Amino acid sequence: MRFFPKRLEVAAIVLVAVSWVSVAVADSVISRMVALRFHGFLARASGGKIEDSVRFIQGRLRELLILMTVALALWMVGTRIDRMLRRRDGWQRARGLVMGLVVFILFNVFIAFSGTTVLFWSAFFNKAQVDNFAQYQIKRVLLTEVGAPRRAILIGNSQTNRSINEVLMNERIGKRLWTTELTQPGAHSFDLLTLARDMPLAKGDIVICYLSEVFFFGSGRGGVASDFFGLREIPDLVQLGGWDWYAPASLRSGLIGQVLPVYHYRNSISQKALGWQLVNVGQARFDASLEQDLESQAERRAPELKAGKNYEFEKAAFTRLVRELTARGCVTVLIAGHMHPAMQRRMDPGLRKSMRGFLDHLQASGGGSVTIVDGARFFEPAAGDFMDLVHFNDDSQRRFTCKLVDFLLSSRLASSASSPEDLNRHQIPNAP
Amino acid sequence: MVFNSLVFLIFLAVVLSLYYRLKHRSQNIMLVIASYVFYGWWDWRFVGLLLFTTLFDYWCAMRLEAESEPARKKWFLAFSMAMNLCVIGFFKYYNFFAGSFEQAMQSIGMKADLPTLHILLPVGISFYTFLSMSYTIDVYRGHLQAVRKPLDFMLYVSFFPHLVAGPIIRAKDLLPQCRNPRVPNQDQIINGIWLCLLGYFKKVVIADRLSPLVDWGFSSGHAPFHDGTSWLVLYAFAFQIYGDFSGYSDIARGLARLMGFEFVHNFKAPYLSRNPAEFWRNWHISLSVWLRDYLYIPLGGNRHGTLSTFRNLMVTMILGGLWHGAGLAYLAWGLFHGILLVVHRAWTSLWRSEGANGVAASPPVISRKLLSHLKHALVVILFFHITCVGWLLFRAGSCPAGFSQRGIIASYLETLWAIPTSWSGFMWPVLLLGSLAMLLQWKHAAMDSFAQWRTHRQTFAVAAVLTGIASLGVFEGSSFIYFQF
């Protein structure tokens, strides 16, 4: 029996060709029709994160065509290899094994292409139980389809995510400045450097990052690297002196992921196939093991924040990140934020001073493209504003976001005509 | 060095590339060196222990064969047994017995201060000691000639695929393969690769995916569950331990085949068994056979009447339980299976005698077949649940120190009999992975003859297993459960 019957191959080629012609001729008409039919559903499903539904459908149609073409091309490659193996006598016994490996490789190539599409990642989207990786990938692709005059990109760790609400920002100023949140929980400086290189940033984009001491002085690197670390990052990691701060297993995992997309996307696939609960039971167990009392939790965790050699690495990596963002024509807004007062009280006060000093230095050397905003001037957080030691609760997130919106509006950054220097000329509003 | 680590894959690539280039004697020398490197990777200090056990039994067997006087033969056998049991007893059971003795003395108001030593358990000690012991016993019984070349015997004991977690291969099966030249044919290599892939799939997808759920279920403050989670955790452990151990055995057999060796089956379809006797013919077969041949039968087997048979079964299973580890939970697990075997044997003999006397009206052929299938399925399901209760005892044995094993067992037993009012979110993944485990058991015979499959099936299976490993596997370097035994 043949793996790939000839007739099926011809039919597939015809189908793909007809699809391409149809889309080339009636792309916008089809998109409008589909958007009209599914506008409500898209708005509900995306929670207000899709800016323009017609443009969204157009993008997906194009993705569908690209994936169909890639699938067809890979199919044809598989057919040729199979025919070649049939002709070689010595390979007859092992043909099934070899073809299994070939199919696995071709499938990985297909997944590599799929990984750049929203269509693929939509299959992993789950509003109730968020898959950070899938959400990140979807938003990263959609960032290229934003039609607003300017774009703001939220980067950083979960603190940025819990402090700034992108949906609220888009409700307020989305017409002028469209915000996309591309944070990764547990990210540190070098992780942001890796992530930012992968982001489709353009000249004039505003990159906003919420930073606190836990970002620079905290431990626990590796979670992001195991998903995003690649070959091109090796020289940087060596040069910046960060080799010792990452577990080899997470770097290895990142590197394997670069050549095996199925492995790269394993967390999302596992969550989809086996359920969120099973895949995250270890994390849930860890969360449950934490002390409920934040004071005692702070007592244990505050001394863990130290300015050792890792801080030098963090500073070097962050400096390079800001330099690369500036080189790409982006404006960087760094918000020097806070943690829970219990943590703040117990922490070495020198850390904050050191962090502020570093940020001020970045601003001074940034040539007007870097602005430091003291989070406390927007919003002086109290113990009741936090859901744990480092993250705002929903109400304080909303208040903080509103203040940030006011700031961006009054700084005229939300208008397309503004320049990076506008931001620095602006007086930061005082907290109420 | 564990099979599911990157360093092992590099090690294997080096070993195989050398192996295919060398001649028979050189192959054996290289394999012995590689096996000692493999073992020493955990803790080089125990390499000496492995070497000592090997050379000691080699010497004992030589002396046994050389002796013509039965009394002296017996003496040498006893010497070999005593030494092996002392080694395993010291490393594995000393602390348990010292602690238990102290507790017993305290309960009668006496104080006994036995030193508790911080003894590290050499990986796989139970496996290679049993392997070595079987050799001397077989030489004593005259079933086997003592090996002349120490290199062959060293390879037999230390061959890395079976060294740390079995299968416990009998000398009569493996020694000739060590002695004679091996040239793996194409089918053997293809089957070997497939078995390795299948083993990795069972380990990283089935076992390691279920492992966090089991750890969570047996950690403090969770049980008792009232939503069916108790059963789900026990199912999860049943499939985890199957995936872990049979996965290891598959990899071991696959690796052996890649080098032209053939290992015995260690697992068939244990969870499709209808009774405890069938279960032990399908689960950890090499240990069951070892216990049968070197313990149960020497004790008298079933030759001296019913009560004696029951006693022999109980003793065998209790010692089998203790072989897994020093702890009351393992003892209870052995006892549990001993009771199951005794009850099953009693029931079978009763059924047989009744069946001989009474003549039941036979139903029509079709319904008889249907009824028989239905009955078979129900009995399999029932016995699987009984096995799961046994696993509860077993798993409680590996709870971290400071946990009340009795408390955990009691809290589970409390909820196992209650009808769940709802099902937890773990149901789907446990059923999915469990179904995969069941499918692999159902098709276990076919899994062994991959080279005979049709090409398109081979292609689909290889692609599916590779995709499953890459996309659903856990790669955080977890060890195999049976390494601790």
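Predicted model: local features only at pLDDT ≥ 70, side-chain atom pairs only at ≥ 80, totals over all residues.
**Stop 1: chain B as a whole**

Select chain B and colour it by secondary structure. Chain B has 19 helices and zero strands. The chain has 485 residues, and 44% of them are buried. Now consider which parts of the chain touch each other. Of the contacts in chain B between residues at least 6 apart in sequence, 75% join residues at least 24 apart.

**Stop 2: where chain B touches chain A**

Show both chains. The contact takes 30 residues from chain A and 31 residues from chain B. On the chain B side, select residues 186-217, 427-442 and 455-472. These are helix 9, helix 17 and helix 19 of chain B, and each supplies at least two residues of the side that touches chain A. Which helix of chain B gives the most to that side? Helix 19 of chain B does, with twelve residues. By class, the residues on the chain B side of the contact are 19 nonpolar, ten polar and two charged.

**Stop 3: two helices crossing in chain B**

Next, select residues 150-158 and 171-179 of chain B, which are helix 6 and helix 8. Two packed helices are described by the angle between their axes and the distance between the axes. For helix 6 and helix 8 of chain B, the angle is about 125 degrees and the axes are 9 Å apart. Helix 6 of chain B is therefore oblique to helix 8 of chain B. The crossing of helix 6 and helix 8 of chain B is right-handed.

Show the side chains where the two helices meet. Helix 6 of chain B contributes B:Asp152, B:Leu155 and B:Tyr156. From helix 8 of chain B come B:Ala171, B:Leu174, B:Leu175, B:Cys178 and B:Arg179. Six residues of this contact are nonpolar, two are charged and no polar residue takes part.

**Stop 4: a loop residue in chain B**

Select B:His284. This residue lies in the loop between helix 11 (276-282) and helix 12 (285-299) of chain B. Is B:His284 buried or exposed? B:His284 counts as buried because it has 22 C-beta neighbours inside 10 Å, and 20 or more is enough for that label.

**Stop 5: a strand in chain A**

Move to chain A and select residues 150-155, which form strand 1. Six of the six residues of strand 1 of chain A are buried, so the strand is largely enclosed by the rest of the structure. In a regular strand the side chains alternate between the two faces of the sheet. In strand 1 of chain A, A:Arg150, A:Ala152 and A:Leu154 are on one side, while A:Arg151, A:Ile153 and A:Ile155 are on the other. Both faces are covered.

In one pairing, A:Leu154 has A:Glu181 of strand 2 as its bridge partner. Residues 206-211 are strand 3 of chain A, also parallel to strand 1 and joined to it by four bridges. Here A:Ala152 has A:Ile206 as its bridge partner.

**Stop 6: two helices crossing in chain A**

Select residues 166-173 and 394-410 of chain A. These are helix 7 and helix 22 of chain A, whose axes come within 10 Å and cross at roughly 40 degrees. At that angle helix 7 of chain A is oblique to helix 22 of chain A. Their crossing is right-handed.

The contact uses A:Leu168, A:Met169, A:Arg172 and A:Ile173 from helix 7 of chain A. Helix 22 of chain A supplies A:Arg398, A:Thr401, A:Val405, A:Leu408 and A:Leu409. By class, six of the residues in this contact are nonpolar, one is polar and two are charged.

Stay on helix 7 of chain A and select A:Asn170. With 20 C-beta neighbours inside 10 Å, A:Asn170 counts as buried. Leaving out residues up to four places away in sequence, A:Asn170 touches A:Gly48, A:Trp178 and A:Thr179.

**Stop 7: A:Val118**

Finally, select A:Val118, in helix 4 (residues 118-122) of chain A. A:Val118 has 19 C-beta neighbours inside 10 Å and so counts as partly exposed. Apart from neighbours within four places in sequence, its contacts are A:Gly59, A:Arg60, A:Glu63, A:Ile138, A:Val141 and A:Leu142.

Key: Residues numbered from 1 in each chain as written. Chains lettered and ligands numbered in written order. Contact = placed C-beta atoms within 7 Å. Nonpolar A, V, L, I, M, F, W, Y, C, P; charged D, E, K, R; others polar. Buried ≥ 20, exposed ≤ 12 C-beta atoms within 10 Å, placed from the backbone. Axes fitted to C-alpha atoms, helices over the stretch in contact; angles between N-to-C directions. Parallel < 35°, antiparallel > 145°, perpendicular 65-115°, else oblique. Left-handed = near helix turned anticlockwise from the far one by under 90°. Pairing = 2+ DSSP bridges.
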